[in-house]
Amino acid sequence: DYSHLADPQVWIHGAVQIFFSLGIGYGCIISFGSFGKKSANFVRDASGVALTNCGTSILAGCVVFPVLGFLAAELHETDPCIAGDSLESLKSIGLSGTGLAFVAFPIAISQMPGSFFFAILFFFMMLILGIDSQFAYIEAVATVLCDAGVGDRLPRWALSGLICLVSYLIGILFVTNAGVYFLELFDNYISIYVMFAVGALECIGLMWTRRGQTWEHFQSLCLENTGLHLGWIWKASWGYICPTLCVLLVVVSITPPFAKADVMDARSSKPFPEGAGCVAQCFEEQPEKRSQEAVSQWEEEVKESKYYKELVQLPATKKISPSPKDWKCEKSGDTQNLWLNLSDGYIGGGRRHWDGSGGSNGALEHFEEEKAKANFFPLVVKLGTITPDGADVYSYAPDEDNLVKDPLLAQHLEHWGIDVMKMEKTDKTLAEMQVDLNLNYDWSRICESGDKPLVRVRGPGLVGLKNLGQSCYMNSSVQLLLGLPEVKQRYMDADFKIRKSAPSDLQNDLIGQVAKLADGLNGSRYAPPLKEGEDEEDPKHVIAPQMFRTLIGRGHHEFSSSRQQDAAEFVQYFLEQLTRAERSALGSRLSGDRPSTSMFSFSVEERLQESTGSRRVKYSRVQQNMLGIPVKLEDADNLEEVLAFKASKEKDESDAKKLKTEGVEEPKPLIQLSKCLARLAAPEEGIQFRGTSASKTTRLASMPRPRV
């Protein structure tokens, strides 16, 4: 994929590889060169070293990348979260950097014929390379000290031994529990920025110090000892080209959008608190504290509205009373859940929910009425949430349609006579209302087992999929995924733009099939107004995704069959196929630059610690899009009842008399989600780690945007 050549990071990493492998900026090559004969052809020697190094790097690349590709394909078979055709996901599980040498290659070698023999050769090679590198670095330091006169009083062997001792003491830092982080710190900040700067300073020191006399003296020495005349090519290269490129690499390495100075995210990252991550703790706190924490944990990031700076505000012909007793919806007269339009001062009720609850829809309907008159008044604020710290501000603009921030809120409210410094909170925010809904909603209202009758509904987003025979796993998964706002925004195809740009065989185009499904499920074609006595099975109102099922199941021995399948496996498979199809469609047929699956991605951090001995610790992160939680029978609230029934049933099976459990419904284990989450976050003992027993703790390092 040659498009990666346009990525500055590729060139930065390439330059780092050259600097590191050749030892540029470390002083090794200069130290070794100082022991050569003055009459030696150093141009030939330097060119030979550079060409040999590059050849070795190319050979190493021919070995490394096939191994990584093989591992990616192998790991994809066991974990679909790891992309089989990309190396990016391997970084998240430690198969990069030091993990490449000590994890990836050992795994690959273990699967080779004669693996024991090749493993010995491989690790012997690693030992030799380590010792060889130490020769270079120790000699570089010793040469500098001797040339500076610092080591004149010590024999060379004693000076080298002293350097080794000091290096050993410093190196202890890298074998502590936090050693890998210090290693990354040194690697990122020394091998990148510093080496580029040192390379530039070496060129500047040779060419431009002492008003150019250093360069002239170097020219005369070369001509006198080797007979080589260093002409304008060398002067241009060392005096202008090399320093400029080195400085450019430093700038690009720390300048957005190419890169960032804080390469390890030290400023934005936060320490992981001891004992944190156990989601089940929120179920054990006091109700008031639990509600506050729930709001803070589930509150999404709110972005600034793009319309607040140039918000139109009509002349204030009225003033809004600061007293909640004087507020009411100008359309319905409601006195709860009221929103003030910041442009014209209209007070309207909040949105009406699908079940009839919520507000009167007055604020939204007023926005749409004004929009029809060519007036664009998008920002509203919820009365009752206004405090000196802010308030709930919502944007009805189609490209936002969400909670937003208004940095000029105090100024906009002052226009209507409201002083935010004197306001107190009298109503719940949207985040608090959402938490209350999750905690207190009567879910039996949407369940057939509830004591309340179901009400027939129809409309965009309420369209069902016909069961094609054991296809409920596919229907439920697709209906859920295509109902997400992000997916609807990308795949809604009312103007047939996506489908018109499809290849001639639309039945084989996954992008087109998904767009057709998304438009059918969320559009109005299959959702006309509901009429009394209307046949629900009328083909005009039902979507039968036969073409989609045939396409998505093609080539898969399970999903192409008519047997019932696991919904979780299908979701993973569908997202994988969708990602592949979107690679060539993003930016052309589809909006955006990231695949739809990226919204589900999150990181799971695993911490392994030895139970005995030095108690070493290893952290690893895995990028996933589905979280599996352990469900154990021993966590059931009605465990005694379940075990008693099983014991009675086993006794009945061994007794020829009338069965006591015959006709009795087997009790279902009742396991709370909080207990499953607590088990997920609890340390797992007895894990084998580096030849000894260890404990493993699992934490969520990040969260996906939608949680379904």
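How far apart do the end C-alpha atoms of residues 157–183 lie, and what percentage of the span is helix? They lie 29 Å apart, and the span is 74% helix and 0% strand. The structure is a predicted model, in which local features need pLDDT of at least 70, side-chain atom pairs count only at pLDDT 80 or more, and totals for chains, interfaces and linings use all residues. Residues are numbered from 1 along each chain as its sequence is written, and side-chain values use heavy atoms, with hydrogens and water left out.

The unreviewed UniProt entry annotates "transmembrane region" at residues 12–36, 48–72, 116–137, 157–183, 190–208 and 238–259; such annotations may be inferred rather than shown by experiment. Two of these spans are set out below.

Helices (H or I, at least four residues) and strands (E, at least two) are DSSP runs, numbered from the N terminus.

The largest nonpolar core has 35 residues, of which Leu-482, Tyr-491, Val-514, Phe-548, Phe-570 and Phe-574 touch the most other members. Such a core joins buried Ala, Val, Leu, Ile, Met, Phe, Trp, Tyr and Cys residues through side-chain atoms within 4.5 Å. Two or more residues come from each of α15 (472–481), α16 (485–491), α18 (510–522), α19 (546–553) and α20 (567–582).

Val-642 belongs to helix α21 (residues 639–654). Val-642 is buried (under 20% relative accessible area; exposed is over 50%, partly exposed in between; 1.4 Å probe, protein chains only), with a value of 2%.
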